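Let's explore a protein model together, one question at a time. Have the sequence and the 3D view ready, and try each question yourself before reading on.

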Amino acid sequence: MKKKDLIAKIRETAIEEMPDVLQRIDISKVNIEDVPETVRSPFNFRRAVSYTFASIFIFIFGVTIFNFIALGTDTTPLDNNTEIVGFQTISAAALLESFDVVDLAYTESTYSVTQLSETTTAVDESTIIDQIYLVNNYLNMAETVLVDENQYLYEDIDSDDANYQYAFKYNGTDLLGNLISYRGYYNIVEQDGNQIEVGILIHEDRTYNYQTVIIDNDGVLTYRYRVQLNDQNYVEVSNSSTEEAQRFTYRVYKNNELFNQSEVTLFKTKLSLRAEVKITNRLNQEINLEIERDMSVMANQRFRVNYRISENQTASQADGQFTVDLQYNDETGKYQYRYQINNQEVVIEDRPAKGNQQATEDDFKPGRDNQNPFVTTATDNNTAESTRPGGHNKPRESEDFTPVVESITL
Amino acid sequence: MINYDLYIDDLMKKDNEAFEAIYESTRKGVFSMILSIVNNKAVTEDLMQDTYMKMIEKIAQYKKGRNFYAWLLQIAKNTALDYYRREKKVNVYDPQENEHLFEGEYNDKNNYAVYDMIKPLDDEEKQIVLLRIVSDLKFKDIAEVVEKPIGTVLWIYNKAIKKLQDYNK
């Protein structure tokens, strides 16, 4: 039966059977309840003091017990459906933006390798360095969405764009402690009998189109989000979570061909959000990354990564560890990712620009400031207090820092 | 859809005209919500009556500016769930959280034909499909009632329609 006919039949049957109980209701006999008043008891100083001490004791005891118990790993760190849905679109856009800024083709000239010392080691870094570009795309994604639970917010908001009925926002934090902000706007449209979302994602001066894509595999529907640079270059993400793990699958397409595929699994240990990334490249090599973000110094955060590279699911070709932080380039005025892999340092150029305003606690509280930050007229009121190059690699010299805020018309 | 807030003051005065306007505009939604939980004609009629009585009882607690229809549908849902707690004397859970408790078929002969048409759906799917198809509720309002993001509601709806197509071949 066609969907349209099925829906019409259900509706017709239900309306035909729907009872009319109006004549059974006599509202004159109903007592309207008063709004309950808040009863205030008279203040008792002795009771207040004893409650305060009891509360402090219970709080300290509870925190101690909580820390003792919370040694394990939380394998479902995203707390609700808003976060799960938001994570997919924002992470896909972040993955795409790194491909956008840097040519999807691999070129050696866009990174430099520096030998840090003359000491030779038994570990061969060349295997991971060969993959540095691909790895860097995922580190850029991690910088956007892999943060402590108090440093991100996904929220459905009212749309302030007349072209779109619905909206949502994401606030996160970059490695410098600056606010990362995305806005999503969408409509619900019917396509091939299905209801899908069609909209845009805005971040800084970049706008991506996105929509849901429904794949029918022998009657089993799979739901994906597609975030696009254009018709030929895009990322599709799907939720492949189980009850035990929150996991998302990414497919990166270049010129409509599958460029690489990956699976990202999220974990939370105490207050740290971690990710396990499994990437399959075009050479059929599998690159496994365990990424943990160190946010102990907010203005100078870093990633610690354990990696393993194997071919055709055989024994490991290479494994090891590296750290990643940001380095400021005086010549370009931009930040770059700096990898320290054993005794080599690799610097990737052209890190996609993120926020330049320091994040505050209020940015991660729901229901605050839902105006689109990318449609305001820029002013030159940025002072050394509100904008900063940040990071220990760049001294604070406000005279040579140019704000990146632009006036954007949608 | 009417602006329900315009009728609140008159409802507080128990104005019959205002009540009838609200009733006519919302009874499809109230029926859909109760039907997704109860498959019995006599009980459904009683629960619909109870829902509207409770709406008047609690009208002073409703704050203008909120989503009145969603507020009313929550009353309908809670009324249907309370019925089980009272009549079946078992622990009853919200269909959004515990689907398995509502799997049993009722032997009462006085059932709805439309319920048979949506039989293969779980209770969450029934709720979303009926609210959309029968009461024409926007997905945004359905999302508020079932307390899920719109994207999830769309996914559940599309999946449910596909399931019904296969069932009704």
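Q: Is A:Leu283 buried or exposed?
A: We are looking at a predicted model, where local features need pLDDT of at least 70, side-chain atom pairs count only at pLDDT 80 or more, and totals for chains, interfaces and linings use all residues. Residues are numbered from 1 along each chain as its sequence is written, chains are lettered from A and ligands numbered from 1 in the order in which they are written, and side-chain values use heavy atoms, with hydrogens and water left out. Buried means under 20% relative accessible area, exposed over 50%, and partly exposed in between (1.4 Å probe, protein chains only). Because its relative accessible area is 61%, A:Leu283 is exposed.

Q: Where in chain A is A:Leu283 found?
A: Helices (H or I, at least four residues) and strands (E, at least two) are DSSP runs, numbered from the N terminus. A:Leu283 is in the loop between strand S12 (272-280) and strand S13 (285-294) of chain A.

Q: How far apart in space are A:Leu283 and A:Glu311?
A: Along the sequence, 28 residues separate A:Leu283 and A:Glu311. Going from C-alpha to C-alpha, their distance in space is 8.4 Å.

Q: How many helices and strands does chain A have, and what share of its residues count as buried?
A: The secondary structure of chain A comes to five helices and 17 strands. Of its 410 residues, the share that count as buried is 45%.

Q: Which residues have the most contacts inside the largest nonpolar core?
A: A nonpolar core is a set of buried Ala, Val, Leu, Ile, Met, Phe, Trp, Tyr and Cys residues joined through side-chain atoms within 4.5 Å. The largest one has 141 residues. Its largest share, 12 residues, comes from helix H4 (residues 68-87) of chain B. Those with the most contacts inside this core are A:Tyr339, B:Phe19, B:Met55 and B:Phe68.

Q: Which residues are in contact with B:Phe68, leaving aside its neighbours within four places in sequence?
A: Contact means heavy atoms within 4.5 Å. With those sequence neighbours left aside, the partners of B:Phe68 are B:Tyr4, B:Ile8, B:Ile22, B:Met55, B:Ile59 and B:Tyr62.

Q: How many residues of strand S17 of chain A are buried?
A: In a regular strand the side chains alternate between the two faces of the sheet. In S17(A), one side holds A:Gln344, A:Val346 and A:Ile348, the other holds A:Glu345 and A:Val347, and both faces are covered. Strand S17 (residues 344-348) is mostly covered, and the buried residues number five of its five.

Q: Which residue of S17(A) stands opposite A:Tyr337?
A: Two strands pair if DSSP finds at least two bridges between them. Strand S16 (residues 334-341) of chain A is joined to S17(A) by five bridges, and the two run antiparallel. Opposite A:Tyr337 stands A:Ile348.

Q: Which side chain of opposite charge is nearest to A:Arg251?
A: A:Arg251 is found in strand S10 (residues 246-254) of chain A. Lys and Arg count as positive and Asp and Glu as negative, while His and the chain ends are not counted. A salt bridge is a side-chain nitrogen of Lys or Arg within 4 Å of a carboxyl oxygen of Asp or Glu. A:Arg251 is buried yet has no salt bridge, and at 5.6 Å the nearest side chain of opposite charge is A:Glu236.

Q: With which residue does A:Arg24 form a salt bridge?
A: The structure holds 25 salt bridges over all chains. One of them crosses between chains, from A:Arg24 in the loop between helix H1 (3-17) and helix H2 (45-69) of chain A to helix H3 (residues 41-57) of chain B. With the closest N and O atoms 2.6 Å apart, the partner of A:Arg24 is B:Asp46.

Q: How many residues apart in sequence are the parts that A:Glu263 and A:Arg247 tie together?
A: A:Glu263 and A:Arg247 form a salt bridge, their closest N and O atoms being 3.8 Å apart. A:Glu263 lies in strand S11 (residues 257-269) of chain A and A:Arg247 in strand S10 of chain A, so the separation in sequence is 16 residues.

Q: Is B:Glu124 buried or exposed?
A: B:Glu124 meets B:Lys148 in a salt bridge (3.1 Å, N to O). Because its relative accessibility is 9%, B:Glu124 counts as buried.
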